[in-house]
Amino acid sequence: MPISIDIKSIEKRFVLRHTRSMKETFLWLLKGRRGDLYKKFSALEGVSFTVEQGETVALLGFNGSGKSTLLKHISGVMLPDAGTVRTRGRVAGLIEVGAGFHPDLSGRDNVFLNGSILGMSEKEIREQFDSIVEFSEIGEFIDTEVRFYSSGMYLRLAFAVAVHTNPDIFLIDEILAVGDEPFQKKCLAKIKELNEAGKTLVVVSHDLDMVSKVCDRGIVLERGRVVMDGEVGDAIAHIRAS
Amino acid sequence: MKMDVSTPDDGTVGLVSPGRGAGLRDVLSSRFLLKLLVDKEIKVRYRGSVIGLLWSYVKPGVQFIVFYIALGIFLGLEQSARNPGGLPNYAIYLFSGIVLVNFFSEALGNASRSIVMNGGLIKKIYLPRELFPVSAIWVSAIHFLPQIIILIVACLFAGWTPSVLQLGAAVVGFVIVALMATGLGLIFGAVNVYFRDAENLVDLLLMVATWASPVLYAWTTVRDQLGQTALNIYLLNPLTVGVETFHYAFWMPTADQTQALPPSFLSLWVPIALALSIVTLVLGQLLFRRLEGRFAQEL
């Protein structure tokens, strides 16, 4: 199978800056308090792995282990300080529910805006529009401003747009925790369907039961390092043991 | 997107590095998204307001009246029977400069804030970030349009008969100012992510901009008060040149073409201003691309 995601020994250090004011920066430099300006810590250290097309990978680990940071490197939001990240085809996903939704716009406008932000062309959105609305079960509220939506409606519409972007790599960060049982089932079915169509899935979640249903492979991160990479069952056992 | 060169047959052919775009060229290829962002901005800005887009007429209108009364009448810049040394048709002189400076102020102000304002999105999804400053400039151009229509109507009442050269000069002047605003908008928009002081600096700059170009007074005042060298420095400001092209196109035809342009204005200063604004745009793009790599973690 062709390789879908290729990550080679990436490093990411975050700089925690203690001031955003030019005046303080200048004063602190003058007073020899250079060390107070920022603190560095490593979010990812020497992370390497490849994902083949059609694989379903879970990124597991406790809070602060670097899972979401890694996902942001795959989507291109962040660039590594060292090492390379390469991907094949369109990358899309739900990094956070409804990022790119504007509360003052109608559901319809948001479908266009969000679809376009996720890389769909005008033609693709028009073709998929009815299918998106149907999947989201929003119905007549599609022309209502999104700020009047319940959190469930918001999530359903966001998810519906994301699954219709037809990405080659689908990234999911902690989204299925919201939404009611029937919709969760529907989402899982849709995710499985995408996978059967040969899409690569990368899922970040703390819901280990859901992860074991969706993914075949698990990668466990601890303080920015890969400590385990294997069958999802073994990865979950590793997490539960620590 | 940059293609990596790989040996065939190992399954890595066609892999690309995500998050490394082509800058402003990517904006050209995502025109539909640009249009949606501009539509969003216009819809959201006037949501819940009774007179909506009319605000973009009211604000410059009031500003114009205040300046006209204070400067034209009280301080005697308007030519009249008692004040023959003033500028003929001062109202049109004033308004043709104000509309262009307002466009510049709004465009640069909003572009400088655009990256921080859209931080939520930039942190989560990769898209060409130049879209945000460019859409801010575009929105300002849409607000500029009704003002230029009012200006043209006023000019027609004052017996406006411009030549093709004059109209062409105004178009070039607008392009100069728009490029300049885009370049500076990219610079301050990116710097603002790291230092929020940048937007205050821009506010200061914009306050000076109205007075540092011949909007309220004539360029001849600069020469008469400060001399030729000062005038040359003054004309190096692309905004000054932009405003002067607008005077050339809209005001001079109504003032019996009596007032002269600065010496070698069309042959020398307009090309210089155009070159300067293109340089600003290129520098802005380079700086923006250097800084955008860390937007997601700094926002």
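# Reading a two-chain model

Reader: Let's start with chain A: what share of its residues count as buried?

Author: Of the 242 residues in chain A, 45% count as buried. A residue is called buried if 20 or more other C-beta atoms, placed from the backbone, lie within 10 Å of its own; 12 or fewer makes it exposed, and anything in between partly exposed. Before we go on, keep in mind that this is a predicted model: local features need pLDDT of at least 70 and side-chain atom pairs count only at pLDDT 80 or more, while totals for chains, interfaces and linings use all residues. Residues are numbered from 1 along each chain as its sequence is written, and chains are lettered from A, with ligands numbered from 1, in the order in which they are written.

Reader: And which share of chain B is buried?

Author: For chain B, buried residues come to 43% of 299.

Reader: How many helices and strands are there in chain A?

Author: Helices here are DSSP runs of H or I with at least four residues, strands are runs of E with at least two, and both are numbered from the N terminus. On that count chain A has nine helices and nine strands. Its C-alpha atoms fill a box of roughly 65 × 45 × 30 Å along the principal axes. Chain B has 13 helices and zero strands, and its C-alpha trace spans about 85 × 45 × 35 Å along the principal axes.

Reader: In what order do the strands of the open sheet in chain A come?

Author: Strands pair if DSSP finds at least two bridges between them. Three strands of chain A form this open sheet in the order β2-β1-β4, with antiparallel pairing. The edges are β2 and β4 of chain A, each pairing on one side only. On average, neighbouring strands are turned by 25° against each other, direction ignored.

Reader: How many bridges join β1(A) to β2(A)?

Author: Strand β1 (residues 3–17) and strand β2 (residues 38–52) of chain A pair over 11 bridges. To find the pairing by eye, look for Ile3(A), which stands opposite Glu52(A) in β2(A). Five bridges join β1(A) to β4 (residues 82–87) of chain A. There, Lys8(A) stands opposite Thr84(A), and Glu11(A) has Ala82(A) as its bridge partner.

Reader: What lies across β1, β2 and β4 of chain A?

Author: That's helix α3 (residues 67–75) of chain A, running at about 65° to β2(A). Angles run from 0 to 180 degrees between N-to-C directions, and axes are lines fitted to C-alpha atoms, for helices over the stretch in contact.

Reader: On to chain B: at what angle do α9(B) and α10(B) pack?

Author: Helix α9 (residues 219–226) and helix α10 (residues 228–235) of chain B pack at about 145°, with their axes 7 Å apart. Two residues are in contact if their C-beta atoms, placed from the backbone, lie within 7 Å. Here α9(B) brings Val222(B), Arg223(B) and Leu226(B), while α10(B) brings Gln228(B), Ala230(B), Leu231(B) and Tyr234(B).

Reader: Which residues of α12(B) are buried?

Author: An α-helix has 3.6 residues a turn, so residues three or four places apart point the same way. In α12(B) the buried residues are Trp269(B), Val270(B), Ala273(B), Ser277(B), Thr280(B), Leu281(B), Gly284(B), Phe288(B) and Glu292(B). They pack against α7, α10, α11 (238–251) and α13 of chain B.

Reader: Why does Val193(B) count as buried?

Author: Val193(B) counts as buried because it has 22 C-beta neighbours inside 10 Å. This residue lies in helix α7 of chain B. Leaving aside neighbours within four places in sequence, Val193(B) is in contact with Ile115(B), Val116(B), Leu291(B), Phe295(B), Glu298(B) and Leu299(B). Val193(B) and Arg294(B) are 101 residues apart in sequence, yet 9.3 Å apart in space, C-alpha to C-alpha.

Reader: Which residues of the largest nonpolar core touch the most other members?

Author: A nonpolar core is a set of buried Ala, Val, Leu, Ile, Met, Phe, Trp, Tyr and Cys residues joined through C-beta atoms within 7 Å. Of the 142 residues in the largest one, those touching the most other members are Ala58(A), Leu59(A), Val202(A), Val203(A), Phe104(B), Val177(B) and Ala181(B). Helix α7 (residues 164–194) of chain B gives the largest share, 16 residues.

Reader: Finally, how many residues does the contact take from each chain?

Author: The contact takes 29 residues from chain B and 35 residues from chain A. On the chain B side, α2(B) supplies the largest share, six residues.
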